[in-house]
Amino acid sequence: VLFIVSVLAAAWAILTVLRRKSTRDSAIFVSFIDLCFVGAFIAGVYELRNIANANCSNFSADSRFSATVNNNGISGDAPSLRLNTNKECAMRKASFAFGIMNCIFFAITAFLLLFMHRTRKDDREVVTKETYRRRSHDSRRGHSRSGSGHHRRSHDSRRQYYV
């Protein structure tokens, strides 16, 4: 179970890194999925809780030691050392350790995404910018002001732009 969750979590992490823009836009959803992975890792670590105190490897040594002293010096046989490892136990213990680390890492990213969503929400406040432009209809239509007897009014137009 922990292996399957780890593979899915790795794929999710790669996907969120590759799609950074959409991750920022949907930070709440990504944070929720990260918290779901935290829960799955906690369940996997709980299932492997008994492996924490297991002894998966040991050393063995032959107790034979012999030494001979002669005219050429000292010669002899040293004890041989052997490492005996239970590979299944070692893999479960490594999975247990990586499950704990993944719980911590996914929890950190979930809370960072929540913080990022909160700060982006503050940045999205509407800022209005007002600009004034003076228009003269006379100049646009080709009329001249002089000699016409009446004056056309210039208009002040106000436009609002949202950033």
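Among contacts in the protein between residues at least 6 apart in sequence, what percentage join residues at least 24 apart? The figure is 67%, where a contact means heavy atoms within 4.5 Å. Let's walk through the structure with that in mind.

A word on the ground rules. This is a predicted model, in which local features need pLDDT of at least 70 and side-chain atom pairs count only at pLDDT 80 or more, while totals for chains, interfaces and linings use all residues. Residues are numbered from 1 along each chain as its sequence is written, and side-chain values use heavy atoms, with hydrogens and water left out.

Start with the overall layout. The protein has five helices and six strands, and from the N terminus on the elements run α-α-α-β-β-β-β-α-β-α-β. Helices (H or I, at least four residues) and strands (E, at least two) are DSSP runs, numbered from the N terminus. Of the 163 residues, 18% count as buried; here buried means under 20% relative accessible area, exposed over 50%, and partly exposed in between (1.4 Å probe, protein chains only). The accessible surface comes to about 13,100 Å², of which 59% belongs to carbon and sulfur atoms. Those areas come from the Shrake-Rupley method with a 1.4 Å probe, and for residues only the protein chains shown count as cover.

Now turn to helix α1, residues 2–18. It has 17 residues and reaches 24 Å from its first C-alpha to its last, close to the 24 Å expected at 1.5 Å a residue. That expected span is 1.5 Å times one less than the number of residues. Leu2, Val5, Ala9, Trp12 and Thr16 are the buried residues of α1. They cover an arc of only 85 degrees around the axis, which puts them on the same side of α1; the arc is that of the directions from the helix axis to the C-beta atoms. The general rule behind such patterns is that an α-helix has 3.6 residues a turn, so residues three or four places apart point the same way. On the face of α1 turned away from its buried side, you will find the exposed residues Phe3, Ile4, Ile14 and Leu18.

Ser6 also belongs to α1 and is partly exposed, at 27% relative accessibility. Leaving aside its neighbours within four places in sequence, Ser6 is in contact with Phe41 and Asn102. Its C-alpha atom is separated by 9.8 Å from that of Gly44, 38 residues apart along the chain.

Next comes helix α3, spanning 27–47. With 21 residues, α3 reaches 30 Å from its first C-alpha to its last, close to the 30 Å expected at 1.5 Å a residue. Its buried residues are Ala27, Val30, Ser31, Ile33, Asp34, Phe37, Val38, Phe41, Gly44 and Val45. Seen down the axis of α3, they fall within an arc of 160 degrees, so they line one face of the helix. The face turned away from that buried side carries the exposed residues Phe32 and Glu47.

Ser31 is buried, with a relative accessible area of 1%, and, neighbours within four places in sequence aside, is in contact with Ala110, Leu113 and Leu114. Phe41, on the same terms, is in contact with Leu2, Val5, Ser6, Ala9, Gly99, Asn102, Cys103 and Phe106.

Which residues have the most contacts inside the largest nonpolar core? They are Trp12, Phe37, Phe41 and Phe106, in a core of 20 residues. A nonpolar core is a set of buried Ala, Val, Leu, Ile, Met, Phe, Trp, Tyr and Cys residues joined through side-chain atoms within 4.5 Å. The elements that give two or more residues to this core are α1, α3 and α4, and α3 gives the most, with seven residues.

Phe98 sits in helix α4 and counts as exposed, at 52% relative accessibility. The C-alpha atoms of Phe98 and Phe41 are separated by 9.3 Å, although these residues are 57 apart along the chain.

Finally, look at the cysteines. A search of the whole structure finds one disulfide, meaning a pair of cysteine sulfur atoms within 2.5 Å. The disulfide joins Cys56 to Cys89, with an S to S distance of 1.9 Å. Cys56 lies in the loop between α3 and β1 (57–61) and Cys89 in helix α4 (residues 87–123), so the pair ties together parts that are 33 residues apart in sequence. The torsion about the S-S bond is about -55 degrees, so the disulfide is left-handed. Cys56 is buried at 11% relative accessibility, and Cys89 is buried at 10%. As for other cysteines, Cys36 is partly exposed at 39%, whereas Cys103 is buried at 13%.
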